[in-house]
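Dear colleague,

Please read the notes alongside the coordinates.

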Amino acid sequence: MTVLTLPPGLGGERVTALGDRARICGLYDTLGAPVYDDLAAADGFEIGDIVAAVRTGAEGPVLDLAAGAGRFTLPLLATGREVTALDLSADMLDLLRARLAKAPRSMRERCTVVQADMSAFDLRRGFGHIVLGTTSLSLLDAEGRAGLYRSVAAHLAPGGQFLVSVMERADDEAPTEVHSRVRGASGTSYDLYEYWPAGAAHRYVTIAPTEPAADGPVTVCVDEVGTMSIAAIEAELAEAGLTVAGRRPLTGMGDRHRVTLLKAVAAR
Ligand SMILES: C[S@@+](CC[C@H](N)C(=O)[O-])C[C@H]1O[C@@H](n2cnc3c(N)ncnc32)[C@H](O)[C@@H]1O
């Protein structure tokens, strides 16, 4: 979910300090997509886990949900599978198409790009794997998740697997707010503020360049993301006829976040 108003905490203070220079945007829109992509291109988190799960799991084509600019799509294509990349944002899919255009033809030809809502899609075919990584499940509310599970169940081929990552707050004692500095693939440094009070239904992520130009507009990306527990998600999956057959804790997200890759299959 995108918030185009002042975020709480240090992110909001940063926006206020920029005054009318601040251009608040979402993470996946025209202004925000290049920033997200710069950071994502430097981030290898979860790629190896997803690719390994697909390589060792069911045969057949792969559906990459919330594919963005293809952080998983291209490594999945490199396994030799046919991949459908689905995302809601035209701006993110433009970045993916640009990346595919530079990829070898043999890979490009095995990729289908679809602009659609992951909470209600109808591709009229089955997949050996349906992947929803980067904890993007948290972008949907309860109704959206119910629609997602329905759509996933309708698109899993017999024996197919749904791979979905879920993020929890690692520790209720962790601070409400953290500020970190991250570098994008371009070398640009960004300040990242995460505001996540223990028990809150949402967390806020604010990203601003560490050293903006001396004058002119400054792009500040703000995202409001739902929080969830694995137990609640597993209950939702079961309700939708999807049984969790595997849970793999992922490492590399720091002390504050606990990410688990769930593998779900259609209940018999
Ligand atoms: C955190 S990014 C993940 C992108 C990519 N998988 C990666 O790891 O870099 C989340 C993506 O979800 C997309 N998205 C948000 N809501 C969506 C929806 N309802 N249906 C499909 N895609 C959605 C955004 O456009 C964005 O590209």
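Which of the 19 residues around the ligand come nearest? They are Tyr36, Arg71, Asp87, Met118 and Thr134, where a residue counts as near a molecule if one of its heavy atoms lies within 4 Å of it.

Before the details, please note that this is a predicted model, in which local features need pLDDT of at least 70 and side-chain atom pairs count only at pLDDT 80 or more, while totals for chains, interfaces and linings use all residues. Residues are numbered from 1 along each chain as its sequence is written, and side-chain values use heavy atoms, with hydrogens and water left out.

As for polar contacts (pairs of N or O atoms within 3.5 Å), a polar side-chain atom of Asp87 lies 2.7 Å from an oxygen atom of the ligand, and a polar side-chain atom of Asp117 is 2.9 Å from a ligand nitrogen atom. Leu88 takes part through a polar backbone atom, 3.2 Å from a nitrogen atom of the ligand. Of the 600 Å² of accessible area that the ligand has on its own (Shrake-Rupley method, 1.4 Å probe), the protein covers 93%.

In the backbone, Ala66, in the loop between strand 2 (62-65) and helix 4 (73-77), has a positive phi of about 50° although it is not a glycine. Thr135 likewise has a positive phi of about 50° without being a glycine, and its place is in the loop between strand 5 (127-132) and helix 7 (142-155); helices (H or I, at least four residues) and strands (E, at least two) are DSSP runs, numbered from the N terminus.

Best regards

Notes. A polar contact is a pair of N or O atoms within 3.5 Å; within protein, one must be able to donate a hydrogen and the other to accept it, and residues adjacent in sequence count only if both atoms are side-chain atoms.
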